[in-house]
Amino acid sequence: MATDYTHIILADDDEDDRMFFTDAFDELKMTVKVTTYNDGVYLMDYLNQEDAILPNILFLDLNMPRKSGMECLKEIKENSRFKDVVIAIYSTSASEEDIENTFIKGANIYIKKPSDFKVLKKVLSNVVTTNWQYHTNGLNKDNFLLRL
Amino acid sequence: MIIKRIYKSSWFVKVVFVVSLFAIIFIAGLGYKHITNLSKSTEMVIHTYKVNVELEQILSYLKDSETGQRGYIITQDSLYLKPFIEGRKKVNNSFAELKYLTSDNPEQQKNLKELSSLIDKRLDNLEIASNYAANDQTDLTRFKDVFQEGKNYMGAIRNKLNYMISIENDLLKKRKEEYVSDARFTPVFLYSLILLTLVLMYAAYAKINSNLEKLKKSNQQLEIFKESTNQSEIINKHGSWRWNVEEDSFYFSDNLFRLLGEEPGSFAQTIENFMKFVHPEDVEKLSSQVDEMKENKDLPFIVYRVIHKSGDTRYLKAYGKSTVNSEGITQLLGTTTDITDEIDHYNTLEKRNQELELNNKELQAFNYVASHDLQEPLRKIQTFLSRLEDREQDNFSESGKKYVERINNAASRMRLLIDDLLQYSRTNKSDEILKNSDINKLLEDAQQDLAEVIVAKNATITTVKIPEMKVIPFQIQQLFGNLIGNSLKYSAKDRNPIIAISYDKVEASDDQQLSKALYDEYHRITISDNGIGFEQEYAEKIFTLFNRLHNKDEYSGTGIGLSICKKIVDNHSGFIFAKGEPNIGAVFSIYLPLV
């Protein structure tokens, strides 16, 4: 298995957001492999394949048709196969309720989609370069929402 | 005072009647005694006369005997002896009579005895003298002696008789006196007693009369009260009933009939008839509660439905309580009220509440739309713009660059509006709980959020120590954030901002602005600055939604920030006031109740 690049998956139903996401990584020129899925059902179909290559970081949009990010998060956390996957919530809203719920369900970080492409690049590079082993140990509700 | 009290007391009449009764019995007794005395006195007088007559009689018989004896002595004719012999017999008869008459008087008995011996001696003497005469021995000295002796005896008898008569006369005199005093005293006493009784009877009569008058008045009052009760029953839609459990008899007030949609008295007052009106679904419930009432004698509130003949369904509420009346009869007193209107109002209110809840839900849904769905396209517009600026900068003409910049400004402003509106709608009291919070910490956090601007504007903020308060922490932090942010935003261009935060405790009565205060004491936190200030006439207007005093080209803003402040303070049952002076500064005073 190749370990020289970071495997990243994004599940988001919004085409523009998927484009910003891949464009940002393209411009960042990082050694990453980005795969995107159009909703939660596609994502889980892929992850549930036995030979699926599991991502290092999974970006989950919350508001998706068919299967929401919250449902995906729940399924993933219930399956020990995915215990090493870092889960980043990637959502338009940053309501207290959503932040609280995803934190309790075991997500690693909450990202509010920025409205500036430069900021987006900065956020994504930050998340990818974070030492998650270390970060997860010190995780608490205050630093759960990513602030830049 | 005491007399008045006695007169007023309820037992007065009874006492008067008892006293009068005794007085009459006494009078009757006294009258009887008086009459008995009178007849006794008469008897006594007759008795005395009889005694006297008999005594005189004795003397006269003795004289007859004496005369007969003398005739015999002179004539020696035995014819004259006859009265002498008869005289003795007659004296004996009179003696027996006298003995009987004076049987109650020991003194006279004693006298009688002495008299008897004297008379015996006299008669014996007469006999001796007669014997002398028969033997013709009248010339003897002996005879003369006997004769003399007889004369002496006669004198003694006469004395004795006179003495006895005088005793009887004395007795008569004494009895006469007694009788006279009795006769004089008794009528006066009786007369005054009758008068007194009459007075008492009159007082009793007056008392009964006044009692009757009072009773009449009370009856009138009761009548009025009954009528007003009837009216109040009609106006309040309630009826009353009484239930004598032992006799199982009912009394329904007029309005109770009306509550059932019937004319008063239109059916017999029984529980069965009443039950006919009860809604079929409620009959069982009501019956079981009626049975319970019989046992417990106290009725809890019952709500049940009745159906009028017209088909109307009405809701009734009943309450009953057992009481014991003055005759010792236990009965249940109850009140039944028509609560249909209340229930209708309640239902309407419930419906309104549901509508309101629905509205709130819609509002929340709108919040979500605003926070998510509206933000999404806006965010994309902004991201695309940032990409345009980043990558296509060189391909734009000057005016193209200007347009992009304008679009960017407009988009930023829209974001600000959406964010502020969201914040405003989130600042609801909802179910946030007030908790003891360190105000100093909240103030510090608020400053922390504004750290960048504070540094950029080179602002000085001074604070004092503020005690703990019971607040919704995140709202108070936001309140401080908004106010300090405001001071920083509206700072004067020619001087560094100085913001002073102070605290004190005030009595609501001491502060004119707190005329509508609900609490006695308030915390007052004031935030004053040296910014551009405002005209005092806008002091209230600035708290209304979307109200702005400045053109948005001069100062960015949505006109929502101070509205949020006002809402937060309202949530805490507090007050916020602003004071401004153009180009000098603004002072915001926050009053939070001391609880």
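The model is predicted.

Chain A contains seven helices and five strands. Along the sequence, these elements run in the order β-α-β-α-β-α-β-α-β-α-α-α. Chain A has a radius of gyration of 14 Å, close to the 15 Å given by the globule rule for 148 residues, so the chain is as compact as a globular protein of that length. The C-alpha trace of chain A spans about 35 × 35 × 35 Å along its principal axes.

Burial and contacts were then computed for chain A. Of its 148 residues, 47% count as buried. Contacts between residues at least 6 apart in sequence were also examined. Of these contacts in chain A, 70% join residues at least 24 apart.

The surface and charges of chain A follow. Chain A carries 17 positive and 25 negative charges.

Chain B is described by its domains. Domain 1 of chain B covers residues 2-207, and domain 2 covers residues 237-338. Domain 3 of chain B covers residues 345-373, and domain 4 covers residues 430-593. The C-alpha centres of domain 1 of chain B and domain 4 of chain B are 133 Å apart.

How values were computed:
Residues are numbered from 1 along each chain as its sequence is written. Chains are lettered from A and ligands numbered from 1 in the order in which they are written. This is a predicted model: local features need pLDDT of at least 70, side-chain atom pairs count only at pLDDT 80 or more; totals for chains, interfaces and linings use all residues. Side-chain values use heavy atoms; hydrogens and water are left out. Helices (H or I, at least four residues) and strands (E, at least two) are DSSP runs, numbered from the N terminus. The radius of gyration is taken over C-alpha atoms; the globule rule is 2.2 Å times the number of residues to the power 0.38. Buried means under 20% relative accessible area, exposed over 50%, partly exposed in between (1.4 Å probe, protein chains only). Contact means heavy atoms within 4.5 Å. Lys and Arg count as positive and Asp and Glu as negative; His and the chain ends are not counted. The place of a charge is taken as NZ of Lys, CZ of Arg, CG of Asp or CD of Glu. Domain bounds come from an automatic or database domain assignment.
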